[in-house]
Amino acid sequence: MSDIPRRAVTRTAKLATLPLGFAGRTALGLGKRTIGRPAEAVALEVQRRTAEQLFAVLGELKGGAMKVGQLLSIFEAGLPEEIAGPFRASLTRLQEAAPPMPAATAHRVLAEGLGPDWRASFAEFDDRPAAAASIGQVHRAVWHDGRAVAVKVQYPGAAQALMSDFNQISRLSRLFTPLFPGVEVKPVVADLKRRLEKELDYLDEARAQTAFHDAYAGDPDFLVPAVVAQSGDVLVTEWLEGTPLAEVIAGDDQGLRDRAGLLLFRFLLSGPSRCEMIHIDPHPGNFRMLDDGRLGVMDFGGAARVPAALQWSIGRLLRIGTLGDPEAIVAALREEGFLAPDGDVDPGQVAAFVAPHAAPFATERFRYSREWLREQTARGLGLASDMRPGALARQFRLPPQYLAVSRALSGCGGVLCQLEAEGPFRAEAERWLPGFTGDGDPDGTEEALA
């Protein structure tokens with residue numbers, strides 16, 4: 001595999017294999033049913049083979065297609081076990097790997113970014129990629145001053161390929177629905193398109209990573225590698241050792257899983273307070289547990305700004321959700337734009353819908369679990385499927401200013417459920433979200449509620 005396939009007809013043909021393959025496997029399954037195989041066994045086999053082809057094609061295409069697969073993979077914990085089981089191995093592979101591009105292609109990008117004498121910047125450079133991501137791959141090297149570094153090289157043609165990917169995936173999004181019930185793929189794809197346009201800018205990523213590195217310098221809980229150099233489609237950062245979070249998820253050390261979950265949650269909540277930014281790509285491939293107990297964090301291409309006023313509003317909404325007052329919940333959601341201002345809703349139903357989202361913050365300790373997430377996924381799917389006039393699903397909306405934070409927190413929740421992590425998550429909200437405790441309340445809302 002060399003450059004990202006750039007010709008639209010080539011990429012369209014690859015993506016077109018998805019519906020054709022699914023249809024073929026469905027026909028095969030129907031045929032097997034006629035010779036006595038149980039329907040459940042046939043359905044499971046169809047799902048397994050569909051998943052294998054889905055992630056093979058997305059992984060080969062890289063770019064936007066692979067990014068969609070990576071995002072969907074964090075929802076794996078919310079699927080019924082009989083469906084999730086056959087997918088898990090494919091999902092884990094997708095989070096950590098993709099077919100590499102040849103060394104000659106990587107050298108060309110390095111020369112364009114760092115200059116024709118790019119090798120002089122390195123004491124050592126490994127042509128074998130250490131990792132492959134959605135729009136680039138990472139090489140391990142030694143900088144000229146002796147520091148171990150990670151060299152991120154963007155795939156040639158990535159920008160051109162993204163538009164083709166997203167146009168095609170948008171048309172084929174219905175195919176994801178039976179594989180990932182409860183996930184609305186079309187809005188996810190539209191948002192990913194906007195985010196990936198930003199991720200293609202390695203200068204922007206370098207600035208974001210530097211902001212996080214400076215904010216967390218010397219922190220006892222986190223390590224954000226420093227940016228060493230950036231030019232063109234090349235980003236050089238300090239190397240990060242550690243155990244990938246995917247291995248922690250697969251392991252049986254519950255103490256380590258709990259610590260990893262708490263630190264992941266703390267990092268996402270503390271970012272806005274410490275540097276007015278949030279890391280919005282919390283899939284396990286972006287995190288490492290270090291031997292000294294710290295959480296190492298990578299990939300800041302999707303970081304988003306969270307100004308102080310929005311931080312306070314987020315904390316306030318969470319706090320009101322934990323209080324359980326239906327009228328106060330409806331009023332707050334209307335004020336922030338989550339409910340239509342003139343919509344007629346049942347406050348009790350709204351409060352019941354909000355309660356599970358506030359549950360981790362309503363008690364001193366909370367345990368995330370796959371079973372809990374499956375219950376919430378099924379519950380949310382039931383509400384979303386009710387599209388009768390006046391139904392709650394028709395009243396809810398996600399205001400644009402909350403989109404990045406919502407994606408970060410929902411993705412984090414999916415990973416916490418994979419970890420089955422337990423911890424004092426309410427205390428983290430009290431520590432990092434001023435609106436949760438009413439600190440700095442601009443209008444006296446918390447005092448009025450009290």
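This is a predicted model: local features need pLDDT of at least 70, side-chain atom pairs count only at pLDDT 80 or more; totals for chains, interfaces and linings use all residues.
Reader: At what angle do H8 and H10 pack?

Author: About 90°, with the axes 10 Å apart. H8 covers residues 202-215, and H10 covers 254-275. That makes H8 roughly perpendicular to H10.

Reader: Which residues make the contact?

Author: H8 brings Ala 211, Phe 212 and Ala 215. H10 brings Phe 267, Gly 271, Arg 274 and Cys 275.

Reader: How do those divide by type?

Author: Five are nonpolar, one is polar and one is charged.

Reader: New topic. What order do the strands of the open sheet take?

Author: The order is S4-S10-S9-S7. There are four strands, and the pairing is mixed.

Reader: Which strands stand at the edges?

Author: S4 (222-223) and S7 (243-244). Each has a single partner strand, so one side of each has no neighbour in the sheet.

Reader: In what sense do S7 and S9 pair?

Author: Antiparallel, over two bridges. S9 runs over residues 287-289. Its Met 289 is the bridge partner of Thr 243.

Reader: And which strands does H10 touch?

Author: H10 packs on the sheet and touches S4, S9 and S10 (295-297). Its direction makes about 135° with that of S9.

Reader: Is Glu 420 buried or exposed?

Author: Glu 420 is buried, because its relative accessible area is 13%, under the 20% cut-off.

Reader: What does Glu 420 touch?

Author: Leaving aside residues up to four places away in sequence, its contacts include Arg 257, Arg 367 and Arg 370. Gln 254, Asp 258, Tyr 368 and Ser 369 are also among them.

Key
Residues are numbered from 1 along each chain as its sequence is written. Side-chain values use heavy atoms; hydrogens and water are left out. Axes are lines fitted to C-alpha atoms, for helices over the stretch in contact, and angles run from 0 to 180 degrees between N-to-C directions. Angles under 35 degrees count as roughly parallel, over 145 as roughly antiparallel, 65 to 115 as roughly perpendicular and the rest as oblique. Contact means heavy atoms within 4.5 Å. Ala, Val, Leu, Ile, Met, Phe, Trp, Tyr, Cys and Pro count as nonpolar, Asp, Glu, Lys and Arg as charged, and the others, Gly among them, as polar. Two strands pair if DSSP finds at least two bridges between them. Buried means under 20% relative accessible area, exposed over 50%, partly exposed in between (1.4 Å probe, protein chains only).
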